[in-house]
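Have the structure open while you read.

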Amino acid sequence: MKYRSRQEIIQNLLLILEIEPSKKTNLMYGAMLSFEQMKEYGQLLLDKGLMANNGKIFHLTAKGAKALSLFRELNELLSVNPEVETKVARIAEIRRTRFP
């Protein structure tokens, strides 16, 4: 697997949460992260207020939605491949059906 930047990983997590509130395990599998990486990025997103949790379910906050919008705008300005969101959405859908 190719190296992913912190920005790409954070964007992937936010994209998954935009589609559907998720458990930590589903986020981890959907974003293809190890348990240790998920702990690190999960805590970062919680600390920054980009996601919140109600018990075991994590959801996107208004601030997280704004950040995702800014990521999309930046990707558009930099002409990043628009298929990234499609791939993440497809992976999230597969994970949802395999790990309900």
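Helix α1 (residues 6-19) and helix α4 (residues 62-77) have axes that come within 10 Å and cross at roughly 125 degrees. Angles under 35 degrees count as roughly parallel, over 145 as roughly antiparallel, 65 to 115 as roughly perpendicular and the rest as oblique, so α1 and α4 are oblique to each other. On the α1 side, the contact (heavy atoms within 4.5 Å) is made by Q7, I10, Q11, L14, L15 and E18. On the α4 side, G64, A67, L68, F71, R72, L74 and N75 take part. Sorted by class, that makes 7 nonpolar, 4 polar and 2 charged residues.

This is a predicted model: local features need pLDDT of at least 70, side-chain atom pairs count only at pLDDT 80 or more, and totals for chains, interfaces and linings use all residues. Residues are numbered from 1 along each chain as its sequence is written, and side-chain values use heavy atoms, with hydrogens and water left out.

## Two residues up close

| Residue | Relative accessible area |
|---|---|
| S22 | 7%, buried |
| E40 | 43%, partly exposed |

S22 lies in strand β1 (residues 22-23), and its side chain reaches the backbone oxygen of E20 at 2.9 Å. Beyond its neighbours within four places in sequence, S22 touches I16, L17, L27, K56, I57 and F58.

E40 belongs to helix α3 (residues 35-47).

Definitions and conventions: Axes fitted to C-alpha atoms, helices over the stretch in contact; angles between N-to-C directions. Helix = DSSP H or I, 4+ residues; strand = E, 2+ residues; numbered from the N terminus. Nonpolar A, V, L, I, M, F, W, Y, C, P; charged D, E, K, R; others polar. Buried < 20%, exposed > 50% of the residue type's maximum accessible area, 1.4 Å probe, protein only. Polar contact = N/O pair within 3.5 Å; in protein donor to acceptor, adjacent residues only side chain to side chain.
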